Amino acid sequence: MYSMFNNYIFRGHFHHNVACMPVDRNSAYYNMNHPNRGIAVIFNHEVFDINSLKQRNGTNVDRENLQYALTDLGFDVRVFDNLTTKQIRDEVEKVASTDHTQYDCLLIAVLSHGEMGIIYSKDTPYKPESLWKPFTADRCPTLAGKPKLFFLQACQGDKLDGGITLAKRTQVDGDSAGYKIPIHADFLIAYSTIPGFYSWRNTTNGSWFIQALCCELQSKGTSVDLLTLLTFVIQRVALDFESNTPGNYTMHQQKQIPCVTTMLTRLLCFTRK
């Protein structure tokens, strides 16, 4: 048996990876008391080399609002504009190879065009899985057992949601022994819309999803757990927004619903540093 303490990963007799336990096995909440909140990366895309993709007017408002909200929560925010797929991959690998021992969590946000199963960089499409694969517990052990959050503002297709009108009815203490987790545990992936559907963006105020996310982070970011907060994000997008394009009947008065996939194993609260 040998160990590499600097990387907090040990390889035992049966070749099982072992990483340092950041919180007690039965804790209801993630440990958010590390010296630093963590790295937050924003990949913002406004212009593209691909002729079929229009300029994403309003995305810089999203970028600035998201940067402000995440900085206020204590994140080390790093913003990148209009990167190519290779540049995105390089930045993701750089963050994945960082020692996150002193960090609570990780957050990556992408603001771009997309289709079913792909997101666009400046020059080519890529699979969103490439954003989180480098952070699985076996590949990034200093984030093992810590939340890894991904927010994707992009279309997942071109289907439209016309909505429907609802009318009123007339009437511990746990043991501290080690434990094993799946390598894909502790991820959360929040999409601005459900698979196959269009995602709306206002050219002045930014996308519906990022507007709602920033509002909720600023009003409830330190007072409720993340899944509760995201429920209110979904509510805000679902109820407060509707497309207004009277000159285009097909696109007029359309709705949108975000979609959250969670593998979180505990409650996450951004307590003040």
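**Cavities, then the pocket**

I began with the largest cavity and read off a volume of about 60 Å³. On a 1 Å grid over the protein atoms alone, a cavity is a set of points where a 1.4 Å probe fits but cannot get out, a pocket is an open set with protein on both sides within 12 Å along at least five of seven lines, and lining residues have an atom within 4 Å of a point. Points are joined across faces, edges and corners, and the volume is the space filled by probe spheres set on them.

A note on the source: this is a predicted model, where local features need pLDDT of at least 70 and side-chain atom pairs pLDDT 80 or more, while totals for chains, interfaces and linings use all residues. Numbering runs from 1 along each chain as its sequence is written, and side-chain values use heavy atoms, without hydrogens and water.

Around the largest cavity I found, among others, Lys159, Asp161, Phe197, Trp200 and Lys255. Its lining splits into six nonpolar, three polar and three charged residues. Here Ala, Val, Leu, Ile, Met, Phe, Trp, Tyr, Cys and Pro count as nonpolar, Asp, Glu, Lys and Arg as charged, and the others, Gly among them, as polar.

Next came the second largest cavity, with about 40 Å³ of space. Its lining includes Leu70, Phe75, Phe151 and Phe270, and I counted nine nonpolar, no polar and no charged residues there.

Last, I turned to the largest pocket, about 510 Å³ in volume. Of its 22 lining residues, Lys54, His113, Cys155, Tyr198 and Arg201 lie nearest the centre. The classes are six nonpolar, eleven polar and five charged.
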